[in-house]
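Dear colleague,

Here is the structure I said I would pass on. My notes on it follow below.

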Amino acid sequence: MTQEEYKIYIDNVIRRVEFARVRFDEKHIVKIVAISKYSTANEIEKLYRIGQRAFGENKVQDLRAKSSELEDLPLEWHFVGNLQKNKINNLLDINPALFHALDSLELAHELQKKLQARDMTLDALLQINSAKEESKHGVMLEDAVETYRQIQKECPNIHLKGVMSIGAHTDDKAIIKKSFETTYNIYKQLDGANICSMGMSGDFELAIECGSNMVRLGSIMFNK
Ligand SMILES: *Cc1c(COP(=O)(O)O)cnc(C)c1O
């Protein structure tokens, strides 16, 4: 694809986001975070030249490599992967714009300690295991609101901005929809939350129709 063809292709993805957001609410605004985990720095730069600014990675070492390779560009880096305790310092060195996958009170406490020692803060989302899947990270639905409040109270250096969820792993649209609706309902109960991060390449329109205002699009943004 030439850069011109790529632009037309991306315009079409944006149009799909546009149609979905209007189906939810005319005033609803959705942000696209381009997940670059399968893409090179060169491919990220091509997307940047079309106007994309927010990018995300799911491995700390990839985030470090790509953000440093592209440090001359004004990009906003997100971290969407699960964070192991022994990688916390590496992540904080990069100081991402948003950490999407805070998935336990225990991790929050570890993060709080390191943030306090560095006298820095981190914007984060609480990851919710909305489909109750064994294989997935995140807090259980019934604990989500309580855990969110506890982190707000006990971890002053973590600035919680809302929730993140990965849609149910199934082809059944009704089940995926239910998992998004459930996450959105929790989001609405949280004081001061303004980010509901849900929807990936295969299910972003459904997620937006259920109230998502941040989609994490990997393969579709890079045409893979
Ligand atoms: C890879 C990834 C995405 C993007 O997935 P696609 O299906 O390629 O859009 C979104 N969120 C997380 C947490 C991911 O790891």
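V163 has C196 in β8 as its bridge partner. Strand β8 (residues 195-198) runs parallel to β7, and 4 bridges join them. Between β7 and β8 the chain passes through helix α7 (residues 173-188), in a right-handed β-α-β crossover (clockwise from the first strand over the helix to the second, with the strands pointing away from the viewer). Helices (H or I, at least four residues) and strands (E, at least two) are DSSP runs numbered from the N terminus, and two strands pair if DSSP finds at least two bridges between them.

This is a predicted model: local features need pLDDT of at least 70, side-chain atom pairs count only at pLDDT 80 or more, and totals for chains, interfaces and linings use all residues. Residues are numbered from 1 along each chain as its sequence is written, and side-chain values use heavy atoms, without hydrogens or water.

Strand β7 also pairs with strand β5 (residues 122-129), in the parallel sense over 6 bridges; there D123 has H159 of β7 as its partner. Because 6 of the 8 residues of β7 (residues 158-165) are buried, β7 is largely enclosed by the rest of the structure (buried: under 20% relative accessible area, 1.4 Å probe, protein chains only).

A polar side-chain atom of S201 lies 2.5 Å from a ligand oxygen atom, and one of R216 lies 2.9 Å from a ligand nitrogen atom. From G218, a backbone N or O atom lies 2.8 Å from an oxygen atom of the ligand.

Regards

Note on methods: Polar contact = N/O pair within 3.5 Å; in protein donor to acceptor, adjacent residues only side chain to side chain. Buried < 20%, exposed > 50% of the residue type's maximum accessible area, 1.4 Å probe, protein only.
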